[in-house]
Number of protein chains: 4
Amino acid sequence: MKSTKSSTGVWFVGARGSVATTAVVGALGVRHGLAPTTGLVTELPELDPDGLPGLDGLVFGGHDVSPRSLTKKAEALADDGVVPAVLVAAVGAELAAIDDDVRHGYDPAEESVAEAVERLAADIAGFRERHDLERVVVVDVASTQPPAQDPESLRTLDDDLPVGAVYALAAFAAGAPYVTFTPSPCLRLPVVIEAAERSGLPYAGCDGKTGETLFKSALAPMFASRNLALRSWASFNLLGGGDGATLADPVTARSKTDTKRSGLDAIAGHAVPGPMHIDQVEELGEWKTAWDHVLFDGFLGTRMTMQITWQGCDSALAAPLVLDLVRLTAAAHAAGRSGALSELGFFFKDPIGGTEHRLAEQWRELVTWRRGLDA
Amino acid sequence: MKSTKSSTGVWFVGARGSVATTAVVGALGVRHGLAPTTGLVTELPELDPDGLPGLDGLVFGGHDVSPRSLTKKAEALADDGVVPAVLVAAVGAELAAIDDDVRHGYDPAEESVAEAVERLAADIAGFRERHDLERVVVVDVASTQPPAQDPESLRTLDDDLPVGAVYALAAFAAGAPYVTFTPSPCLRLPVVIEAAERSGLPYAGCDGKTGETLFKSALAPMFASRNLALRSWASFNLLGGGDGATLADPVTARSKTDTKRSGLDAIAGHAVPGPMHIDQVEELGEWKTAWDHVLFDGFLGTRMTMQITWQGCDSALAAPLVLDLVRLTAAAHAAGRSGALSELGFFFKDPIGGTEHRLAEQWRELVTWRRGLDA
Amino acid sequence: MKSTKSSTGVWFVGARGSVATTAVVGALGVRHGLAPTTGLVTELPELDPDGLPGLDGLVFGGHDVSPRSLTKKAEALADDGVVPAVLVAAVGAELAAIDDDVRHGYDPAEESVAEAVERLAADIAGFRERHDLERVVVVDVASTQPPAQDPESLRTLDDDLPVGAVYALAAFAAGAPYVTFTPSPCLRLPVVIEAAERSGLPYAGCDGKTGETLFKSALAPMFASRNLALRSWASFNLLGGGDGATLADPVTARSKTDTKRSGLDAIAGHAVPGPMHIDQVEELGEWKTAWDHVLFDGFLGTRMTMQITWQGCDSALAAPLVLDLVRLTAAAHAAGRSGALSELGFFFKDPIGGTEHRLAEQWRELVTWRRGLDA
Amino acid sequence: MKSTKSSTGVWFVGARGSVATTAVVGALGVRHGLAPTTGLVTELPELDPDGLPGLDGLVFGGHDVSPRSLTKKAEALADDGVVPAVLVAAVGAELAAIDDDVRHGYDPAEESVAEAVERLAADIAGFRERHDLERVVVVDVASTQPPAQDPESLRTLDDDLPVGAVYALAAFAAGAPYVTFTPSPCLRLPVVIEAAERSGLPYAGCDGKTGETLFKSALAPMFASRNLALRSWASFNLLGGGDGATLADPVTARSKTDTKRSGLDAIAGHAVPGPMHIDQVEELGEWKTAWDHVLFDGFLGTRMTMQITWQGCDSALAAPLVLDLVRLTAAAHAAGRSGALSELGFFFKDPIGGTEHRLAEQWRELVTWRRGLDA
């Protein structure tokens, strides 16, 4: 990990949520030598960490509608076993300082979209100036939003714009590269795409690939390259607390199940039937369990099955990827790249600008792209 | 699938075993349009099937020490649900004809190694002449043999040579390209390597990657490229009838567990601890069940698990790969290739001549190599 | 198994369905010594088989709306691996004869409820006379029906009566003991209860306990008697062909999920949260897979999990229980019992007349009751 | 839970191990209202807790060969997530006081068996007098010991006596009821049985039923009462730290696999084949994972499977049962019972004096016996 001072800012949409808090606590922990770099893709030699903005130079701030402090959230995560309690204690003062850089988020009940874009952009620009940063990367790690009703119609600063789109517009208005880790389809709305193109900034998304979709994108190519016929792939997800509650609403969940399903069909080359459910189990807290049941045919139609149970902590899986995306997007910006960074598809369920879903191919594309940044 | 007549012979070591029988019944089924090409990798467009020896032109024969006819074996496999009973009935006459081309195998109690090599080679050459074949590919699909005690010492036609090595020497003596689908390490014995090099023939092996090792080689790279730390990977295999009985002997099983384990360590870049067991459960018949328990660390050391249950039919997984290997090895021979075909590592647990174990990379190597054959 | 001639008739509602066909083929197979008595509870010594109507004396008939013959259905089941093909071939002539005793079922589009009850009852009575039977037990093994909208209001021969209720009324009108193996709640409708009571006949139901609910009723008491706190019990069911299609309709499925859930809560002594899904996976055919995820607290609130995967063939699980219920209900009728046979709760998800759901306690009740029949 | 002062002492063999420490911390937690009574069977109304020695009156002491203090051990358990850290902090002073009542254990290298029995008995008696206790129950929760080579030959105070037997003899010599929660077969040695009988004291054991064997004893009766034929039951256990290391030695493990297997065969009524492995996975710490694969036949021989994955914390499962056994054994002693308490089989893999292994039947026996104590 690079130890020289960098001047990259990280602006979280949802700065006091589980993912952002875990990312901040973890970055501070790694910086102080209190935590290993496990889970950080950008620390692998293939991605040449020394040529990327160092973790120890990142400066954090963000928007959130919640008044609960970063410190309180970090303590709650420690209680849930997501981050070590000793680590939270060790970085307490730094967390409090970062919390001072969290600004009130966007609430449609409080201001118009046009007002919000202007105010949020000013917050981002102010943060950049206050800390004398070379650039700020905006990363949306807020809760999943319902899909837009008629995305094609959203071509102006309409007050029906999804919340996520407002933040994206504010990022571009502030001259900040933008990454969305949520399934909100704002990078597919004409008004956002137009603003992105006009800004000449790089952007990436969407929907972080952290669990079930991750292992699907590793396993489905196995069936494809062995010419084994996928007859059905059933997916069941049990989620705890926060994200689980949001996704218990079937309309909102559609944002997620849509992006989860598309990759499998693309890899298989045909629609693979099978139910997909996301259910909330309050008691699971920050943890989630996925069970997948795969029915496939081998030679002469012999029917076989593969079952997978995945027990993971969503925030611990997402947080390092968020830091990776900041480092890579900042490096792309520094290298003068603009538009959709399709080569970051490795990180996403629904890669903007790309059609490749096979994990190993995405990894290869990422490594090649990273090398090209230095050229 | 190519429909023109080819003149490629397939000589099975273990011609009346489950894998060979399934391969023969399946090839005949596909030839007559009675079975789909599911499971045949060489039928994927990436491998340009039309440029390979057609399934409908393959001519079958082989060695076996068992006197039980191919037809009887096929009927037993139908009872076990491995091949459709109607298919066995439809190709009954052809099976009987192929059985006439099965010759008595090598039994160390009956003849010396030198005598055996000569006799077996003559069988192969006779088959080639009798059917006017351009070439014969020898494929070893016999039962797993115990590992050689001191492989380095086996430099001559010593009577301590493992059974598999005798067949390999016979193939090379007969001028036949050779593939071993079993874990027997004969392609690593000096006396065999020397004969292979002298012959100028292409060869490939060893130990077909059909189940647990297959999905490991698809999943382990996911952990590696996400920088997730593999703490333990436990593997439990329940096998039925034939192969289960052979592997119930711990010494013989070592051939298999050794090759199963090495790939994982190579992909992870370090030794991944964890028990590995192969147990026989008679009642499973031709089926096997594997359960894997993976313990890994995410960001900040958060402990997570992944569990996989694989329920497959070994012969139905192996048989199409055997046909693939014949077609590819025959094409390599036709193209003048010689020596270890390391680019066929996609098919093997323990690829001769190669060090790549990641399935997706192996697939990419295979596709590139296949394209090169036509150049 | 008793070998003396009995004069008990079995009248299936849904006589050409999977369960009835498997029961008939199996009973004939056992009768001819071609199949073991596995799965038949009434063949256990605790239930004194010799004192019950013998399997070899049962005479079969029934109603069905499908014109597809019993023989065709049996052949389809053999293709699906539910019954051995050789057994179907061996009892072919008997199946054809039984098919002659299958009468056209009730279709609300064709006749009024009053007409139907009269016609169906005449069919049953005719069967009894034609074969000179001492008694006929009517068993409903038809597809799951949607729950009645307002069960309390159904007090007359209203044309809104659920289909299952019409068959129950016909059974009572014909003087036949009645068992329902489906989740249809007809034994809870006032008009049916009244007819049942008036008839003085014994009856039993409802919803056969064959898979997930079966193992739940064995496992949930373990948690209760160990004072382990059930925090969540998630249940996912993948069903193939027939039953799957019926249950894909969420309204109809409610009949089933309601009865599946109630037992668990009763055993735990409180409502246990957790999702429950029934999904159709066409390709599973006659097979079903259930995955349950149980989250529980041990001492000091330590959170633990248990997961269960059940892969079963529904008809093979249900068919022997249907034969058991016929034998036991016939014996109860012979012994002069009337009303709800609550002691048969061992067989049902939603036992009529009983509140005990713990499998071991139900078994104890059944054995005690069986002994009492001889007193 | 009873709140009146009791005068029951608890003397742990292995007082500073995971199970004893968890039991002590938990008992103190419940006493102070800081923890729920989850997992304590004796808090269920069926066992009439008010008539048993109250948890708040138990006085703790014991033997251990480890010098590491109870407090250190409790802190390590908190780090591992077995007991809440706040609870350990809250009862710190009490733990230190209890640690003063832990005496040096028996080490065959240091003293003869005869000397040890005398010294250990004096420790127990001293504890009873020092705290003015009505009675002391000795509970062996030490590590698993290898099975005795020739148990029948051990008829005197021979120095080949297993370690566990020495503690049992000391308990009887001190007039203390004795319970062994370990698989050590000392209650089956003639010299121990004789001492037990002579003492007129009650005793119970052996090998606490906490995980895989627990759910087996709940599930196996389901197969039996449904007449489903168990063809194979494979059991794989992954254990962490302490117990895992002990059981990695195959000879010692035999103590455990022997008792685990016998119950299943007894319930099934025949030997059920299938592999059983216990493997250490260091990284699992205090946690264990068991995977069971059950192959069974239904009607007409249709083959089906059930798989179970159990992820539990051994100490959290064992500790409350140890407290239950103390309360019940003390009550039995108070009621004048002597000899093997076979009705406590509910708690054990290998119940001394009993042959019933079905969990529900054991529960019923326990409840009946408990009622009889008050008579």
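Of the 375 residues of chain A, 62% count as buried, a residue being buried if 20 or more other C-beta atoms, placed from the backbone, lie within 10 Å of its own, exposed if 12 or fewer do, and partly exposed in between. The structure is a predicted model, in which local features need pLDDT of at least 70 and side-chain atom pairs count only at pLDDT 80 or more, whereas totals for chains, interfaces and linings use all residues. Residues are numbered from 1 along each chain as its sequence is written, and chains are lettered from A and ligands numbered from 1 in the order in which they are written.

For 375 residues a compact globule would have a radius of gyration near 21 Å, and the 20 Å of chain A agrees with this; the radius is taken over C-alpha atoms, and the globule rule is 2.2 Å times the number of residues to the power 0.38. Along the principal axes, the C-alpha atoms of chain A fill a box of roughly 70 × 50 × 50 Å. Chain A has 12 helices and 11 strands, these being DSSP runs numbered from the N terminus (helices H or I, at least four residues; strands E, at least two). Among its contacts between residues at least 6 apart in sequence, 80% join residues at least 24 apart, where contact requires C-beta atoms, placed from the backbone, to lie within 7 Å.

Two interfaces are set side by side below; Ala, Val, Leu, Ile, Met, Phe, Trp, Tyr, Cys and Pro count as nonpolar, Asp, Glu, Lys and Arg as charged, and the others, Gly among them, as polar.

| Side | Residue classes |
|---|---|
| Chain A, touching chain B | 31 nonpolar residues, 15 polar residues, 5 charged residues |
| Chain B, touching chain D | 7 nonpolar residues, 7 polar residues, 3 charged residues |

Between chains A and B, 51 residues of chain A are in contact with 51 residues of chain B, and β10(A) gives the largest share of the chain A side, 10 residues. This strand is joined by 7 bridges to strand β10 (residues 303-313) of chain B, the two running antiparallel, with Met306(A) opposite Trp310(B); strands pair if DSSP finds at least two bridges between them.

In the other interface, 17 residues of chain B are in contact with 18 residues of chain D, and β7(B) supplies the largest share of the chain B side, 5 residues.

Within chain B, 7 strands form an open sheet with parallel pairing, in the order β3-β2-β1-β4-β5-β6-β11. β3 (102-104) and β11 (339-340) of chain B stand at the edges, each with a single partner strand, so one side of each lacks a neighbour in the sheet.

Key. Two residues are in contact if their C-beta atoms, placed from the backbone, lie within 7 Å.
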